[in-house]
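Let's take a friendly walk through a protein model, one piece at a time. Have the sequence and the 3D view ready, and look up each residue as we reach it.

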Amino acid sequence: MENEPKLNVPPNGPEFARRIRHHLRYTFGQTAEEVRPMGLYRAVARSVRDLLTDRLFCTEERVRAAGAKRLYYFSIEYLPGRFLRQNLINLGLLEVCQAAVSEFGVPWQEVLESERDPALGNGGLGRLAACFLDSMATLGLPGYGYGINYQFGLFRQIIRDGMQEEQPDYWLAQDSPWQIERWDESCRVPLYGRIEHAKDRYGQYNPMWLDWKFVTGVPCDIPIPGFGGQTVNFLRLFSARASHEFDMAVFNEGDYFKAVEQKISTETISKVLYPADSVAAGRELRLVQEYFLVACALQDLLRRFEAGHDDYTRLSEQVAIQLNDTHPALAVAELMRVLVDEQALGWERSWEITQSVFSYTNHTLMPEALEKWPVPLLQKVLPRHLQIILEINQRFLDQVTRIWPEDEELTRRVSLIEEAQPQQVRMAHLSIVGSHSVNGVSAIHTELVKTRLVPDFFAVWPEKFNNKTNGVTPRRWLLNANPRLADLITATIGRGWETDLDKLRELEGHAADETFLKRLLEIKLANKCELAERIQRLTNQNVAPDALLAVQAKRIHEYKRQLLLVMLILHQFFRIMDDGVEPATPGTFVFSGKAAPGYWAAKEIIRLIHQVSLLIQANPRAHRWLRVVFLPDYRVSLAEQIIPAADLSVQISTAGTEASGTGNMKFALNGSATIGTLDGATIEIRQEVGDENIYIFGLTWDEIQALRRSGTYDPQDYLRRDDHLRRVVEAFRGDRLSSDAAEDFRWIFHALTEGGDPYYHLADFRPFVETWQRAAVDFARHPDWACLMMRNVARMGKFSSDRTIREYARDIWQISPPAS
């Protein structure tokens, strides 16, 4: 067709510049002569979005023509990172765009830095979802994300006097140039109301959900291009709007302010990621958010299904839905409501369809982190859904009783309802019962899900449970984040590794190539120099680029054991100051991550990190060897600078607590050695890279279980046997950390020494110190360290999210690329 976009003829530099000028003038009302970096970024982004939109339409037509089954990924959060550079890389237009931008006299880096990170997620859950969307598009799979279009992210972290403070992260202060708003596809979401118990014309029970309050969900699409640009899928995010501009009845009664207040209250639903649930109103808002997401998503995808099909009994032939953790679990009850109440399919048939459509990914081994909702709250917000959940539960318990008729305790354990005060609905149980597949995200995690977290469900349905080890997209975390290393890889082994990460194994053929290894070290040093400049700008600290750079960048939580790394730093400090023993090599320790606003202990650990940094800075003899840095407001764009620079990736969670982790994969892919425990995906990284290329220490999960069963973990015994450990622990209750605040960290002393430490810091301290010493000595031998770096990069093929998505598509979703 004459007007069809010529996908194989991308714009050249002058044509791209013309498109940018068009958007500057006609979209944003600016001229090229007056443009500043932010205005130029927005015009460039809109020009790129135009190209993506053309490909989005072509992709949709290809999927529709093939009648292909689609995958819909339900996630409460996404953490995609900046879009501009990544989209240009995937489209193959990075250099063309740079040439076009050069005509405007604005530095390219300033254009890139004008883009704010989309604050649509918080941590690993959201970043994994973003990697998966990239891989689905790269593999040509019809896979789409559904989420909420938060105006405010979790929070913007600032550090004042060593303490975390939270400020609003209003990332949508200006409309995102990447989003395509689709008012014409808005969804109406019912909330609250009551149940009228009625019968249908056949005398069957027919409950009626009446007197709803409606909320409107307005979708915005963000195009997601795969590498090469042939497939462009979308991430569809919903914004909450009042069902009308405001309640005219209230307005006509003269209460304009109440009418406006109702409108504002409704739109709060998509205002902020994870509202505080410590008060009743915040908890209710979180529940409403979760239902808003699944109700909008199901309406939208069912509308798409109905456009080409009229038989709901064949829904699973066209639709697969992946629940990314328990936040979208209400989708199980919502689909049942649609099938039973609106489609009148009958319970048994509806339940069969529902189970065949849904699959569930578990992301946590912490029982306290598994979502539960009070029954009275569900009765208030979603009365019909509570009815459906109770019916699901009763039928499931009947099934369990038929298998184990005498085991009342097992029935209590597997029930969807926890008999607490008040009763609680267990959302993980609802997800498991309502899905045909339940997967963990690393080998050890999946085994612990089956044997520790939900062993009773595994006994009922062993065939449901499977493992899908997480992965990361090499397009974002190598090609985009580390262009120097990416260029070296391409020059050494050619192209193709971007979509087949196993090709990196070919790098091992260059293990004896001194020029290649020297270049590896030069690239790492250049990345460290850039990070050192960023550290100086953000913290006013100077760090030496040639020092061993160790990084622990992740959410601040006791089980992730940032405290254990602080203890190692204090040990090195005391060895220098008290014992006159210098380390094998100078070391810079970089921490980054956010603590949940209500998590006092995690916020105190941040304060401790800053206090230790000040202690070292105040002692020149120690400062010559040690630096401690906390980089605030950890996010994707900051990670893209930190990860390529790291020498050591610190992954020291207590064994059996981390589901997978993906930061460990990103660091290793960029040539960092891992120092860590046998936890999460670090176990599988060890299997891939080999024992000689990783630094493993600490108690295993089996050893921890043995200690717990025997009750023989004795902190005092470790203190008696290790003078260095005792010196570190005593510092938390003395004045060595700070003469002005000698009592500030006494709580840590008590937590570590009084037998209640569930994370076994004292047991793992000495093995950590000894393993660290070995890593530091190895780092000082540069040629050997370069080989270690190379092997870590070369053996990361398994940890591509492309491999993970292929496994999901084959084993769970049964989807494939549509025929061209």
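Just after helix 20, Asn 540 takes a positive phi of about 65°. Helices here (H or I, at least four residues) and strands (E, at least two) are DSSP runs, numbered from the N terminus. This is a predicted model, in which local features need pLDDT of at least 70 and side-chain atom pairs count only at pLDDT 80 or more, while totals for chains, interfaces and linings use all residues. Residues are numbered from 1 along each chain as its sequence is written, and side-chain values use heavy atoms, with hydrogens and water left out.

At the start of helix 20, a side-chain oxygen of Asp 513 comes to within 3.1 Å of the backbone nitrogen of Thr 515. How far apart are the end C-alpha atoms of helix 20? They are 37 Å apart, which agrees with the 38 Å that its 26 residues (514-539) should span at 1.5 Å a residue. The expected span is 1.5 Å times one less than the number of residues. Several residues of helix 20 are buried, among them Phe 516, Leu 520, Lys 524, Asn 527 and Arg 534. Buried means under 20% relative accessible area, exposed over 50%, and partly exposed in between, with a 1.4 Å probe and protein chains only.

Now find strand 18 (residues 548-553), where 6 of its 6 residues are buried. Leu 548, Ala 550 and Gln 552 cover one side, and Leu 549, Val 551 and Ala 553 the other.

Strands of a sheet pair through backbone hydrogen bonds, either parallel or antiparallel. For this model, two strands pair if DSSP finds at least two bridges between them. Which way do strand 18 and strand 19 run? Strand 18 and strand 19 (residues 587-592) run parallel, joined by 6 bridges, and Gln 552 stands opposite Phe 591. Strand 18 also runs parallel to strand 21 (residues 648-651), with 2 bridges between them; here Val 551 stands opposite Ser 649.

Strand 18, helix 21 (residues 562-577) and strand 19 together make a right-handed β-α-β unit. Right-handed means that, with the strands pointing away from the viewer, the path from the first strand over the helix to the second runs clockwise.

## Leu 565 in helix 21

Helix 21 is also the place of Leu 565. Is Leu 565 buried or exposed? Leu 565 counts as buried because its relative accessibility is 0%.

Leaving aside neighbours within four places in sequence, Leu 565 is in contact (heavy atoms within 4.5 Å) with residues including Gln 552, Phe 591, Val 650 and Trp 772. The C-alpha atoms of Leu 565 and Phe 765 are 200 residues apart along the chain, yet separated by 9.1 Å.

Why is strand 2 (residues 143-148) described as largely enclosed by the rest of the structure? It is because 6 of its 6 residues are buried. Gly 143, Gly 145 and Gly 147 point one way from strand 2, and Tyr 144, Tyr 146 and Ile 148 point the other way.

Strand 1 (residues 70-74) pairs with strand 2 in the parallel sense over 4 bridges, and the bridge partner of Phe 74 is Tyr 146. Strand 10 (residues 232-242) also pairs with strand 2 in the parallel sense over 4 bridges. In that pairing, Gly 145 stands opposite Leu 235. Elsewhere, Arg 55 sits in helix 2 (residues 37-66) and is buried, with a relative accessible area of 9%.

How many strands form the open sheet with the order 13-15-14? There are 3 strands, and the pairing is antiparallel. Strand 13 (372-374) and strand 14 (417-418) are the edge strands, each pairing on one side only. Strand 14 is joined to strand 15 (residues 424-426) by 2 bridges, and Glu 418 has Gln 424 as its bridge partner.

## Thr 753 in helix 30

Our last stop is Thr 753, in helix 30 (residues 746-753). Thr 753 is buried, with a relative accessible area of 7%. Not counting residues up to four places away in sequence, Thr 753 touches Pro 715, Gln 716, Leu 719 and Val 729.

Technical notes:
Polar contact = N/O pair within 3.5 Å; in protein donor to acceptor, adjacent residues only side chain to side chain.
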